[in-house]
Amino acid sequence: DEQLDLDDGRWEDIHVVTGALKLFLRELPEPLVPFSHFDKFIAAIKIQDPSLRGRCIRDLVLSLPPAHHDTMKVLFRHLCRVVEHKEENRMSVQSVAIVFGPTLLRPASEEGNMAMHMVFQNQVVEHILNHYGHIF
């Protein structure tokens with residue numbers, strides 16, 4: 001219900017805007033990649049054959065509920081544009097994946113090896129960024 005004035009000077013700092021986006025995504029009751037898909041994406045990114053891994057991840061993205069899929073498409077299109085300007089903003093594919101991986105893709109419970117999960121979470125985001133055109 002809050003009315004947001006994006007012309008307000010506090011939104012000029014890109015870190016504030018990025019922080020607000022990450023906070024919004026982190027506080028969703030269910031992440032952009034639903035809990036029910038977490039293990040499937042982790043298993044897919046571990047597939048050794050690049051062609052099979054790519055098809056599997058594409059199929060998983062297509063299997064997402066429409067709201068998740070459509071939001072992911074718009075968000076990743078934007079993140080791809082961020083990466084296009086990596087020389088100016090120092091946000092490479094890897095950097096974006098590190099920043100957004102744990103926010104977009106997280107397990108329902110924090111049991112298990114969180115550090116190992118984070119590696120795979122980042123790899124999933126990196127893969128989707130690198131293959132955006134094929135996936136969407």
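Eight helices and zero strands make up the chain in this predicted model, and read from the N terminus the elements run α-α-α-α-α-α-α-α. The radius of gyration is 15 Å, close to the 14 Å that the globule rule gives for 136 residues, so the chain is as compact as a globular protein of that length. Along its principal axes, the C-alpha trace spans about 50 × 35 × 30 Å.

Among contacts between residues at least 6 apart in sequence, 62% join residues at least 24 apart. Of the 136 residues, 35% count as buried. The accessible surface comes to about 8,600 Å², and carbon and sulfur atoms account for 56% of that area. As for charge, the chain carries 14 positive and 19 negative charges, whose mean positions lie 8 Å apart.

Asn-122 sits in helix α7, which covers residues 114-130. Its relative accessibility is 12%, so Asn-122 counts as buried, the cut-off being under 20%. Leaving aside residues up to four places away in sequence, Asn-122 touches Ala-97, Ile-98, Gly-101 and Pro-102.

The aromatic side chains come next. The count of aromatic pairs in the model is one. This pair is formed by Tyr-132 and Phe-136, with 4.9 Å from centre to centre and 40° between the planes, a tilted arrangement. The two partners fall into separate accessibility classes: Tyr-132 counts as buried because its relative accessibility is 15%, whereas Phe-136, with a relative accessible area of 22%, is partly exposed.

Key: Residues are numbered from 1 along each chain as its sequence is written. This is a predicted model: local features need pLDDT of at least 70, side-chain atom pairs count only at pLDDT 80 or more; totals for chains, interfaces and linings use all residues. Side-chain values use heavy atoms; hydrogens and water are left out. Helices (H or I, at least four residues) and strands (E, at least two) are DSSP runs, numbered from the N terminus. Buried means under 20% relative accessible area, exposed over 50%, partly exposed in between (1.4 Å probe, protein chains only). Contact means heavy atoms within 4.5 Å. Rings of Phe, Tyr and Trp (its six-membered ring) pair if their centres lie within 6.5 Å; planes under 30 degrees apart count as stacked, over 60 as edge-to-face and the rest as tilted. The radius of gyration is taken over C-alpha atoms; the globule rule is 2.2 Å times the number of residues to the power 0.38. Accessible areas come from the Shrake-Rupley method with a 1.4 Å probe; for residues, only the protein chains shown count as cover. Lys and Arg count as positive and Asp and Glu as negative; His and the chain ends are not counted. The place of a charge is taken as NZ of Lys, CZ of Arg, CG of Asp or CD of Glu.
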